[in-house]
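The sequence and structure are shown first.

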Amino acid sequence: MKFSLAIKFAAFAFLVAGVSILFTSVLTYNDAASLMKDHSLQRLAKDLDRQISSFDQKITQMKNDVATIARSESITGYYRAEDKDGYDELSNMTSNLLKERLTLELMGLMRQRPEYIQVRFIGKSNNGKEIVRIDKRNDEQQIIEESDLQKKGASSYVVNTLLLKENEQYLSPIELNREYGNITFPLQPVVRVASPIYFEGEVLGLMIINADFNILSKLFRNPPDNVKYFIADNQGDYLLHANKDREFSFALGKEAGLLKDYQSLDLLQQSTERVKISVLEQQSSNIITFHHQIDPLNVENILVIGSLVSHELIEKDSASFGQRMFTRVFISVLLLSIVMAWLSHRLLAPIKHLTHTANEIVKGNKNIVLTNNGGSDEIAVLTRSFNTMYSHLDESKNELKIFAENLENQVEDRTAELEIALEEAKESAKIKNEFLATMSHEIRTPMNGVLGMLGLLLNTQLNEEQHSRAKLAQSSAESLLTLINDILDFTKIDAGKMELELIDFNLNSMLGEFSEAMAFQAQNKSL
């Protein structure tokens with residue numbers, strides 16, 4: 001099947017454009033997929049960073065609350081009253097009334113902060129005996145009776161807080177709540193913030209707030225799709241995990257979860273960069289981690305906060321993007337091919353007309369008229385050139401016809417001339433042969449007479465020298481006669497009657513006679 005040039009151009013455009021655009025699209029898709037993945041990871045890293053900032057704000061709020069209470073009038077009034085036998089003249093209240101006022105203030109604070117599960121006022125004396133303590137149980141506040149108050153002087157948070165300066169606060173590690181040294185059940189992860197209480201330049205006690213870590217970290221409990229948040233301490237123990245059963249496994253005597261899950265990544269190793277993005281090839285995931293120092297006063301109080309990002313959503317987005325891109329590419333290539341076919345048809349129409357005209361000329365059609373649009377493009381120039389060539393071709397055909405007729409006449413005249421020349425040559429050859437035959441015959445007759453005389457001379461009484469010279473003359477005459485006979489042989493050759501003769505001769509005698517014949521001339525030339 002033959003296709004027109006326009007269809008071939010369209011097919012060629014479809015092939016070239018399709019391959020080029022498809023190749024470019026594949027590279028673009030790969031780059032776009034990589035960029036989408038990187039952009040998604042950077043966006044999720046920023047989301048995680050915002051979550052960490054929100055968590056820090058809650059910790060900062062706890063520090064501000066505990067510092068405010070530690071400097072409150074109820075606390076300072078209480079110590080003034082204790083210093084003056086239980087009565088504070090400035091507030092006109094006893095120490096017990098000041099404790100009650102402090103209790104009401106603490107209860108109001110706990111109502112404002114649902115994450116606060118315990119607030120305590122602990123004195124330095126009496127082995128860190130609790131002075132005021134309010135617990136939240138089942139969303140209800142309970143004031144602990146005097147008989148149930150504990151001595152916390154040996155607790156690490158009490159010891160560390162009493163060593164701080166007036167404007168500093170203590171932040172405990174995130175750990176499970178303990179009562180009387182034992183972990184409470186159900187498990188209650190808490191974080192403690194404490195502030196030392198200074199009175200007249202001396203540390204006399206501390207205020208401490210226990211917050212529910214589950215509430216503080218609530219933002220991390222609702223991650224985006226295909227993302228799982230986790231928080232671990234500096235030992236790799238999960239403090240927060242998508243599977244709550246894996247939280248605080250190390251504190252409960254089991255293996256630290258982070259070390260078990262990501263042994264090859266060494267996520268506990270601090271990096272110079274604040275955020276670290278690692279690849280989990282086998283899980284087709286990435287893990288984003290922040291090493292966050294939660295307490296500026298304790299360099300060891302570091303949290304590893306991270307998110308496990310599945311590529312499934314990114315791959316779905318990439319696949320959807322790829323499908324849309326390839327559909328658009330196919331439509332673009334198809335439209336380009338249609339436009340190319342239309343343009344090719346428009347541009348190649350004059351060429352098709354020229355092709356048709358050339359075929360008609362080949363068929364011998366002389367009624368050919370080529371239209372010219374008068375343009376200045378290459379096709380218009382080609383049309384004018386074709387018209388000029390066709391007119392010149394017609395003129396050349398007429399000239400060639402005239403030349404052929406003249407050539408035929410010239411050939412006839414030249415042929416006649418050649419026939420006449422041939423007859424003349426034949427006649428000349430005939431006359432030459434007759435002349436040679438006549439002359440040879442006429443010359444041979446006297447030569448025979450010479451030979452006869454020389455034969456008679458040799459039969460007379462001659463001395464030896466005379467006999468030798470007469471013999472030489474006889475030999476020369478015979479040679480001349482032989483030459484004449486040879487001339488006659490030419491006439492025989494022309495007549496086709498040449499005959500070869502086989503004659504014996506004496507080579508020594510012939511050479512001797514030849515040298516004697518030439519001796520006279522050689523002596524004359526002094527040779």
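## Salt bridges and charged surface

Glutamate 247 and lysine 244 form a salt bridge in which the closest N and O atoms are 3.6 Å apart; a salt bridge here is a side-chain nitrogen of Lys or Arg within 4 Å of a carboxyl oxygen of Asp or Glu. The model is predicted: local features need pLDDT of at least 70, side-chain atom pairs count only at pLDDT 80 or more, and totals for chains, interfaces and linings use all residues. Residues are numbered from 1 along each chain as its sequence is written, and side-chain values use heavy atoms, with hydrogens and water left out.

The structure holds 18 salt bridges.

| Glutamate 247 | Lysine 244 | 3.6 Å |

Burial is expressed as relative accessible area (buried under 20%, exposed over 50%, partly exposed in between; 1.4 Å probe, protein chains only). Glutamate 247 is buried at 7%, whereas lysine 244 is partly exposed at 48%. Aspartate 47 is likewise buried, at 16%, and arginine 43 is partly exposed at 40%. Both aspartate 47 and arginine 43 lie in helix α1 (residues 5-70), 4 residues apart, about one turn of the helix. Helices (H or I, at least four residues) and strands (E, at least two) are DSSP runs, numbered from the N terminus.

In helix α9 (residues 378-458), glutamate 417 and arginine 414 are 3 residues apart, about one helical turn. Glutamate 417 is partly exposed at 47%, and arginine 414 is exposed at 53%. Elsewhere, salt bridges that share partners join Arg120, Glu130, Arg133, Asp135 and Arg137 into one network.

Glu82, Asp83, Asp85, Glu200 and Glu202 gather in a surface patch of negative charge. Patch residues have over 30% relative accessible area and no salt bridge, with like charges joined within 9 Å. Glutamate 202 belongs to strand β11 (residues 202-212) and is partly exposed, with a relative accessible area of 48%. Helix α2 itself (residues 73-83) is mostly covered, with 8 of its 11 residues buried, including Tyr78, Tyr79 and Arg80.

For the chain overall, there are 11 helices and 16 strands, and 35% of the 527 residues count as buried.

Methods: Patches are made of residues with over 30% relative accessible area and no salt bridge: like charges are joined within 9 Å, nonpolar side chains (Val, Leu, Ile, Met, Phe, Trp, Tyr) within 5 Å. Accessible areas come from the Shrake-Rupley method with a 1.4 Å probe; for residues, only the protein chains shown count as cover. Lys and Arg count as positive and Asp and Glu as negative; His and the chain ends are not counted. The place of a charge is taken as NZ of Lys, CZ of Arg, CG of Asp or CD of Glu.
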